[in-house]
Amino acid sequence: MLPAVLKLSCGITYPHLRSMAGLQRAALAVFGQEIAHLQSRGQIALSARSPLRWTEKTEAAEQKTSSLADEDVFYQKQGEAALEEALKIVESEDGWKLETAERNGDVIYSKVLTGNRKVFRLEAELKASPEELHDILFFRVEEMHEWNPSIRRIKVLRHVGRNTMVTHEVSAETAGNLIGQRDFLSVRHSSKRESRVYLGGVSTWLESLPPQPGFVRAEDGPTCIILQPLEERPDHSRFIWLLNMDIKGWLPQSLVNKALSRVQTDFTGHLRRRLDAQKHRH
């Protein structure tokens with residue numbers, strides 16, 4: 001996903017303060033500072049019922065609420081934009097070359113984007129409806145480590161409505177893994193249009209979760225998955241997955257590209273086994 005090092009900045013959010021002229025706001029600020037100074041010297045006391053103290057607390061709460069709302073809007077718009085950008089990449093017809101073709105019919109194509117980033121597009125058929133896959137891959141994303149051994153954990157840090165979330169993902173330690181463990185901080189967004197389900201994502205920034213010691217913070221996206229029912233079998237889906245990842249670190253690009261295409265093959269195999277196990281339980 002695209003590096004996102006944007007930070008939200010909120011200005012004055014209260015209507016009655018915004019309407020003040022600059023000198024009025026400055027005077028109010030100075031007045032507040034003087035009151036605080038006198039209070040610290042014991043020359044003035046504010047009771048628990050003081051209008052000034054009540055106003056300070058109320059405005060602090062309003063500011064926090066407004067900031068949270070602004071952040072939600074930011075993550076939602078980031079997720080929507082990432083999905084649209086990923087769809088442009090995956091639906092473009094130029095530059096795609098066959099990477100691998102599996103015996104079961106799965107195919108992986110690759111394409112080099114501007115900046116020499118290689119992306120991969122997997123196309124497969126899965127024995128599940130788009131709604132079933134939507135539930136597994138999005139709404140139950142925190143359970144993914146149960147059926148995909150390459151993932152140690154995924155935690156939803158923030159829900160923005162029903163269709164957008166911020167997640168932290170940590171890859172598993174596996175024998176023979178030359179790339180090593182990575183963690184990802186991402187915005188995930190889903191959208192349904194007619195019979196198709198779209199899942200998009202992109203790396204993001206969260207002040208409370210900077211890069212963690214012991215992990216390389218990789219970057220995703222923009223990336224997407226398209227889930228489309230087959231005309232002849234609506235309980236089956238055409239599964240299209242654009243993998244667009246910068247794993248960071250100092251590794252030969254040829255090794256990275258080989259590993260990334262393998263990630264798609266392995267993931268699809270694990271997902272098929274999950275679907276089979278789910279059907280047997282029912």
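Which residue forms a salt bridge with E71, and how far apart are the closest N and O atoms? The partner is R158, and the closest N and O atoms of the pair are 3.3 Å apart. A salt bridge is here a side-chain nitrogen of Lys or Arg within 4 Å of a carboxyl oxygen of Asp or Glu. Helices (H or I, at least four residues) and strands (E, at least two) are DSSP runs, numbered from the N terminus.

The model is predicted, and local features need pLDDT of at least 70, side-chain atom pairs count only at pLDDT 80 or more, while totals for chains, interfaces and linings use all residues. Residues are numbered from 1 along each chain as its sequence is written, and side-chain values use heavy atoms, with hydrogens and water left out.

**Salt bridges**

The structure holds 18 salt bridges, among them the following.

| E71 | R158 | 3.3 Å |

For accessibility, buried means under 20% relative accessible area, exposed over 50%, and partly exposed in between (1.4 Å probe, protein chains only). R158 is buried, with a relative accessible area of 18%.

**Packing of α4 and α5**

Helix α4 (residues 130-139) packs against helix α5 (residues 253-281) at an angle of about 115 degrees, and their axes are 12 Å apart. Axes are lines fitted to C-alpha atoms, for helices over the stretch in contact, and angles run from 0 to 180 degrees between N-to-C directions. The two helices are therefore roughly perpendicular to each other, a class that covers 65 to 115 degrees, whereas angles under 35 degrees count as roughly parallel, over 145 as roughly antiparallel and the rest as oblique.

With contact taken as heavy atoms within 4.5 Å, E132, L133, I136 and L137 in α4 meet F267, L271, L275, Q278 and K279 in α5. The residues of this contact divide into 6 nonpolar, 1 polar and 2 charged, where Ala, Val, Leu, Ile, Met, Phe, Trp, Tyr, Cys and Pro count as nonpolar, Asp, Glu, Lys and Arg as charged, and the others, Gly among them, as polar.
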